[in-house]
Amino acid sequence: MSSRAEAEAAYVADLLEGLNDPQRQAVEHPGGPLLVIAGAGSGKTRVLTHRVAYLVLTGQCSIGEILAVTFTNKAAAELRHRVGDLLGRSTRGLWVQTFHSACARIMRVEAEKLGYTRQFTIYDSDDSKRLVKRCLESLGADTKRYTPNGVRNQISDHKNRLRSPEQAAELAAGPYDRTVVDAYALYQKQLARNNAMDFDDLMFRTVDLFERFSEVRTRYRAAFKHVLVDEYQDTNPAQYRLLQLLCMDDPLHTAGSAHSGSPAQLALDGDDLGPLAGEEPGHRNLMVVGDDAQSIYGFRSADIRNILDFEDDFPDAQVIRLEQNYRSTQHILDAANAVIAQNSDQRPKHLWTDLGAGEAVRVRALQDDFTEARWVVAEVERLAGEGVQFSEMAVLYRTNALSRIIETALTNAEIGYQVIGGLRFFDRAEVKDVIAYLSWLQNPANTVAFARIVNRPRRGIGDTTVGRLIAHAAATGITPLEAIEQPEAAGLKTAAIRAVGVFRDQIAELRETLAQSGENDVSVADLVEQVLRVTGYRADLEASSDPQDEGRLENLDQLHAYADEFDHDVATADEIAATAGQTALDRFLERTALLSDADHQAEQEGGQITLMTLHNAKGAEYDAVFLVGCEDGIFPHSRAIDSGELEEERRLCYVGLTRARRHLALTWARRRALYGPPQAQYPSRFLRELPSDALDEDSADQLTGAVSSASRPRVDMSKIGRMGSGSGKGLESVKRLGDMGLKRGSDLLRPAGTPAMPEDERPVLRVGQRVRHGKFGTGEVTALETDVFVIRFDEFGERRLIAGFAKLTPLD
DNA sequence: TATTGCCTCGTTTTT
DNA sequence: CGAGGCAATA
């Protein structure tokens with residue numbers, strides 16, 4: 001053996017040191033499709049990083065021939081960092097990217113083939129929502145019935161399933177679907193006209209590109225000899241297809257029928273659909289790592305079938321399971337195992353540890369939300385007294401609305417905390433405004449950015465004027481930038497022309513600066529500064545008396561600082577190579593578009609306890625975890641109960657439980673004031689799935705008393721009718737209901753114009769009785785409460801009616 | 001055109 | 001309770 005080979009063998013032996021058997025098996029996998037089922041805390045990142053290092057050290061491929069994809073920038077950064085540590089050298093050339101940034105990078109190079117310029121703008125969900133709204137309006141759709149957000153989600157789902165508008169049309173069942181499809185078609189047209197892609201397009205267009213241009217496909221297939229995927233359980237059909245196109249044989253024909261879709265329709269020349277005769281076979285080196293039990297993004301079109309059916313999709317696939325957990329004590333794992341075992345659509349799995357049984361898991365029923373919060377705080381203080389760091393504790397909840405009361409309790413106890421999630425830095429209106437300025441300067445076709453900033457700060461350019469400018473631009477095929485140069489042609493009158501003129505001059509000045517920046521490489525920070533100054537944006541905020549504007553100014557300072565940092569951040573050689581021909585502004589916009597706040601978020605400051613949703617908790621771990629609000633309707637969420645999505649909720653529970661290393665407590669409140677007055681709550685069904693052996697003795701009776709009432713038929717508050725239009729004449733009655741612990745206001749329905757009915761005239765009803773109502777037609781009484789009827793109408797579903805107002809005629 | 005007040009409605013959200 | 005939407009106002 002040559003000394004070089006010996007040295008290499010030594011390196012590799014070193015690398016494999018300390019891995020358990022299945023981990024090592026995964027790292028040494030000879031090639032071909034590999035699925036690593038990595039239970040929570042089983043060392044999946046370890047496997048990924050070691051695998052990359054192994055491939056490089058054994059000379060199976062160079063570092064630049066590996067593509068590792070993740071879902072978050074944070075995960076990508078960590079992966080890169082840890083691979084660097086293992087290899088002891090630079091990871092330059094290694095493609096560690098999020099799905100979206102990898103696609104964006106490819107699209108920047110290939111955009112022209114699909115009719116975009118390289119400067120295409122990436123729309124975030126907010127931009128995309130605005131555009132959808134505009135589309136709906138121009139279709140004349142009622143945006144109350146067709147909410148922009150709802151329609152956008154539907155469109156997003158179509159795209160994630162690789163359905164073109166035409167294909168979506170084939171599936172459209174009712175009038176709602178058809179409107180969605182119309183909006184989708186128009187929306188895509190507008191995106192193209194705006195030279196913009198939304199997040200979904202980054203994936204969809206890349207798939208499209210690979211499917212239609214064999215030359216491009218071949219190039220990327222050859223470039224990556226190994227593809228690794230993190231969090232595979234969260235991939236959607238588009239991502240699945242992309243992986244297939246990159247790795248597998250005969251890529252145009254291997255698509256599973258469930259996932260296949262033909263390219264979106266784009267009017268383009270140079271189509272290159274053809275048989276694949278002569279195309280190199282795929283390398284098949286696809287390694288995916290994930291945990292089906294942690295698939296919690298189904299609502300974002302992630303398809304758990306991807307991981308469940310991996311062996312069917314790739315018949316020669318190897319499957320390796322990692323079940324040894326290095327994080328939690330056995331009681332915690334027992335609890336998690338028991339809960340997830342209730343799911344039927346789940347790979348059987350049994351986490352175990354050699355860390356010992358540990359402390360019992362605790363379940364606590366508290367009389368109300370306030371008491372619950374205080375209990376958690378008291379426990380936090382007790383644990384702190386035992387030496388657990390605040391930074392090692394977390395409070396988890398299903399919905400953000402639950403955080404407030406915990407925050408209040410922590411504040412009262414003077415315990416520092418940080419809330420993860422909420423409004424991100426780059427989503428703040430003022431930050432987005434400035435970015436929109438920059439974005440529009442870079443891409444004048446970006447109508448969404450134009451509409452956003454044209455009257456910000458206020459310049460007296462109202463909706464009508466903006467509408468005329470946009471309509472004029474659309475009608476004549478020019479950009480909004482050109483449109484403001486010809487306000488007369490757009491049909492504007494004197495006052496509007498003057499206002500637009502001011503704006504036009506400001507933009508001209510900014511464009512001048514930008515043009516110079518191309519030559520002299522003026523920094524992005526300077527551009528930000530220019531925007532703030534020239535547009536009067538800063539002056540406007542400074543002159544304001546609104547106290548919130550102070551914070552906005554601070555945010556803008558932060559944005560400036562961020563841009564400054566960006567200017568001085570020496571781009572890696574990689575980035576420069578990938579972005580040849582791009583200006584600093586181009587790169588800045590790309591980065592901000594794809595960067596979430598989590599990446600920007602300061603590392604855990606010492607001494608602070610963390611509050612976050614269960615979704616945000618994935619990947620995190622803490623010594624002590626409190627899972628609050630374990631009540632049916634909250635967790636599992638009522639909407640999930642309705643739509644039968646309990647398994648995903650249960651996986652969410654599994655995620656929550658497995659975040660804890662040593663201390664785990666689950667709490668629920670018998671009464672909770674979520675919106676308005678307190679309401680009776682019932683314990684989460686998941687609590688009853690916890691094995692008593694894993695619980696402490698006090699936990700045993702924490703569900704009794706309430707369980708019997710939970711089995712009582714309950715009114716599903718989410719299906720309750722709404723108060724009719726008209727003013728609050730019913731307020732008194734509504735207030736009385738509030739006093740009785742029922743929800744008030746919008747949950748109660750009073751048909752417009754219906755007068756209150758004297759008590760003695762109200763019909764006597766019984767459950768099961770058929771009734772007629774003036775507005776809702778016929779239905780059946782499902783429940784009676786004091787002053788309230790609950791009726792399931794044949795056409796409108798369940799509604800709650802105020803007895804004093806509802807005119808109901810008994811039918812039998 | 002900007003401001004106001006009233007009404008509605010209420011998951012989760014890696015990009 | 002509180003944010004966002006919208007219609008009635010100044």
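# Exercises on a predicted model

In chain A, 75% of the contacts with a separation of 6 or more are between residues 24 or more positions apart. The model is predicted. Chain A holds 33 helices and 20 strands, and buried residues make up 53% of its 812 residues.

## Exercise 1. The largest cavity

Task: find how many cavities of 30 Å³ or more there are, then give the volume of the largest cavity and describe its lining.

Solution. 

Step 1. The count is two cavities of 30 Å³ or more.

Step 2. The largest cavity contains about 70 Å³ of space.

Step 3. Its lining consists of L67, V69, F99, A102, C103, I106, V227, L242, L243 and L246. Two or more residues of this lining come from each of β2 (66–70), α5 (99–110) and α12 (237–247). With four residues, α5 gives the most to the lining of the largest cavity.

Step 4. Sorted by class, the lining of the largest cavity has 10 nonpolar residues, no polar and no charged.

## Exercise 2. The second largest cavity

Task: state the volume of the second largest cavity, and say which element gives the most to its lining.

Solution. 

Step 1. The volume of the second largest cavity is about 40 Å³.

Step 2. The residues that line the second largest cavity are H29, G31, G32, R51, L55, H226, V227, L228, N285, L286 and M287. The elements that supply two or more of them are α3 (44–57), β6 (226–229) and β7 (286–290).

Step 3. The element that gives the most is β6, with three residues.

Step 4. The lining of the second largest cavity divides into five nonpolar, five polar and one charged residues. V227 is listed in this lining and also in that of the largest cavity.

## Exercise 3. The packing of α7 and α9

Task: decide whether α7 is roughly parallel or roughly perpendicular to α9, and list the residues that make the contact.

Solution. 

Step 1. Two packed helices are described by the angle between their axes and the distance between the axes.

Step 2. The axes of α7 (residues 148–160) and α9 (residues 175–193) come within 9 Å and cross at roughly 75 degrees. Angles of 65 to 115 degrees count as roughly perpendicular, so α7 is roughly perpendicular to α9.

Step 3. On the α7 side the contact is made by G150, V151, Q154, I155, H158 and K159. On the α9 side the residues are Y176, V180, A183, Y184, Y187, Q188 and L191.

Step 4. The residues of the contact of α7 with α9 comprise eight nonpolar, four polar and one charged.

## Exercise 4. Positive phi

Task: give the phi values of R284 and S301, and say in which loops R284 and S301 are found.

Solution. 

Step 1. R284 is not a glycine, and its phi is positive, near 65 degrees. R284 is located in the loop between α12 and β7.

Step 2. S301, likewise not a glycine, has a positive phi of about 75 degrees. The loop that holds S301 runs between β7 and α13 (305–308).

Step 3. The relative accessible area of S301 is 3%. Buried means under 20%, so S301 is buried.

## Exercise 5. Buried or exposed?

Task: classify H615 and G385 as buried or exposed.

Solution. 

Step 1. H615 is part of helix α29 (residues 614–617). Because its relative accessible area is 14%, H615 is buried.

Step 2. Neighbours within four places in sequence aside, H615 is in contact with I296, Y297, F299, R398 and L652.

Step 3. G385 is in helix α16 (residues 369–385). G385 has a relative accessibility of 69%, and therefore counts as exposed.

Step 4. From G385 to D549, 164 residues apart along the chain, the separation of the C-alpha atoms is 41 Å.

Note on methods: Residues numbered from 1 in each chain as written. Chains lettered and ligands numbered in written order. Predicted model: local features only at pLDDT ≥ 70, side-chain atom pairs only at ≥ 80, totals over all residues. Heavy atoms only, no water. 1 Å grid on protein atoms, 1.4 Å probe; cavity = no way out; pocket = protein on both sides within 12 Å on 5 of 7 lines; lining within 4 Å. Points joined across faces, edges and corners; volume = space filled by probe spheres on them. Nonpolar A, V, L, I, M, F, W, Y, C, P; charged D, E, K, R; others polar. Buried < 20%, exposed > 50% of the residue type's maximum accessible area, 1.4 Å probe, protein only. Contact = heavy atoms within 4.5 Å. Axes fitted to C-alpha atoms, helices over the stretch in contact; angles between N-to-C directions. Parallel < 35°, antiparallel > 145°, perpendicular 65-115°, else oblique.
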